[in-house]
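Here is a short briefing on one protein chain. Look over the sequence and the structure, then work through the points by topic.

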Amino acid sequence: MRHYLFYFLLFFSFPTMIASAKSFVDVVKEVKPSVVGIGVHAPLATISNQLHGTGFVVGNGKYVVTNKHVINSQLEEGIKSQRVVFVPQGSASRVLPIKQIFKSKHRDVAILELETELPSLNLVASDVVIDDGSSVAITGFPIGAILGLFPATHAGIVAALTPDVIPAHHSSQLSQGFLKRADAPAMIYQLDLTAYPGNSGSPVYLSETGEVFAIINKGFVKETKEAAIESPSGITYAIPVSELYSLAAEYDIAL
């Protein structure tokens, strides 16, 4: 009798277990509404909307994370323009003004404050380190918005946790950026997946849960920047969210 009871419970509980498991397709669907474009809106210009990179919503839904270099470009003189967040809505997009910008002093990370609330993503804890070989994904806008503002997802694994700066072999390598990183070195994730220039600022998340643990920073370029599109290296670097937590704490932003 006990054996029959065991199989009875197993039979009826197993489908429930399957139904509760979240697929990667489900995870991507949950992540996409929180992924936005970052760029410039100039209503009187020939091209009114220019996408410079990707961002993702965190905290109370009014904060967007991206790379500092994405919002550091100079605005064109003589043309009325402003930095904005683009929210994809099919073939069109909403344009949201940025209320305030918070930049990290040492890392390529920035937080943008909005007036409008959007769906936000969950972050892993600041002290969590993701193991090599973990299945991960990124969602963003590769190669800008050439084909429209449609978030694209690339999947891969964590390849390594590596220093963001290596010793210079020659004085010609001692650029200002190199010296800044050497002054405050940190560890960054190396990912085995392909990211393109428009992916800067994209969230890097766990494939099983959708929790964000890093921010896309750059792709390894073998030759020129243009060659990254024709023959991508498949090596991408990302900044751990611990750096995001540090920036948020500096400005009393709750994540």
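**Salt bridges**

Glu 30 and Lys 22 form a salt bridge, and their closest N and O atoms are 3.2 Å apart. The model is a predicted one. Side chains of opposite charge can pair when their charged atoms come close.

- The count of salt bridges comes to 4.
- Glu 30 counts as partly exposed, because its relative accessibility is 45%.
- Lys 22 also counts as partly exposed, at 40% relative accessibility.
- Lys 99 and Glu 113 meet through their side chains in another salt bridge, at 3.7 Å from N to O.
- That pair links distant parts of the chain: Lys 99 is in strand 5, Glu 113 is in strand 6, and they are 14 residues apart.
- Glu 113 is buried, because its relative accessible area is 13% and buried means under 20%.
- Arg 107 forms a salt bridge with Glu 243, with 3.3 Å between the closest N and O atoms.
- Arg 107 lies in the loop between strand 5 and strand 6, and Glu 243 lies in helix 5, so this pair ties together parts that are 136 residues apart in sequence.
- Arg 107 and Glu 243 are both buried.

**Helix 5 and what follows**

- Helix 5 covers residues 241-250.
- Its buried residues are Val 241, Glu 243, Leu 244, Leu 247 and Ala 248.
- Why do the buried residues line one face of helix 5? Seen down the helix axis, they fall within an arc of 145°, so they line one face.
- An α-helix has 3.6 residues a turn, so residues three or four places apart point the same way.

**Aromatic pairs**

A pair of aromatic rings is described by the distance of the centres and the angle of the planes.

- The structure holds 2 aromatic pairs.
- Phe 102 and Tyr 251 have ring centres 4.9 Å apart and planes at 50°, so this pair is tilted.
- Phe 102 lies in strand 5 (residues 92-103) and Tyr 251 in the segment after helix 5, so the pair ties together parts that are 149 residues apart in sequence.
- Phe 102 counts as buried, at 8% relative accessibility.
- Tyr 251 counts as partly exposed, at 36%.
- Tyr 189 and Phe 213 form an edge-to-face pair, with 5.0 Å from centre to centre and 85° between the planes.
- This pair also links distant parts of the chain: Tyr 189 is in strand 9 and Phe 213 is in strand 11 (residues 212-219), 24 residues apart.
- Tyr 189 is buried, with a relative accessible area of 2%.
- Phe 213 counts as buried, at 2% relative accessibility.

**Leu 191**

- Leu 191 sits in strand 9 (residues 187-192).
- Is Leu 191 buried or exposed? Leu 191 counts as buried, because its relative accessibility is 1%.
- Leu 191 and Ile 216 are 25 residues apart in sequence, and their C-alpha atoms are 9.5 Å apart in space.

**Surface**

- Val 129, Leu 161 and Met 187 form a nonpolar patch on the surface.
- Together they have about 240 Å² of accessible area.
- Val 129 is in the loop between strand 6 (110-114) and strand 7 (135-140).
- The protein chain exposes about 14,200 Å², and carbon and sulfur atoms supply 56% of it.

**Whole chain**

- The protein chain has 5 helices and 12 strands.
- Of its 255 residues, 40% count as buried.
- Among contacts between residues at least 6 apart in sequence, 67% join residues at least 24 apart.

Definitions and conventions: Residues numbered from 1 in each chain as written. Predicted model: local features only at pLDDT ≥ 70, side-chain atom pairs only at ≥ 80, totals over all residues. Heavy atoms only, no water. Buried < 20%, exposed > 50% of the residue type's maximum accessible area, 1.4 Å probe, protein only. Helix = DSSP H or I, 4+ residues; strand = E, 2+ residues; numbered from the N terminus. Arc of directions from axis to C-beta. Contact = heavy atoms within 4.5 Å. Areas by Shrake-Rupley, 256 points an atom, 1.4 Å probe, with all protein chains shown as cover. Patch = residues over 30% accessible without salt bridge, like charges linked within 9 Å, V, L, I, M, F, W, Y side chains within 5 Å. Phe/Tyr/Trp six-rings, centres within 6.5 Å; stacked < 30°, edge-to-face > 60°.
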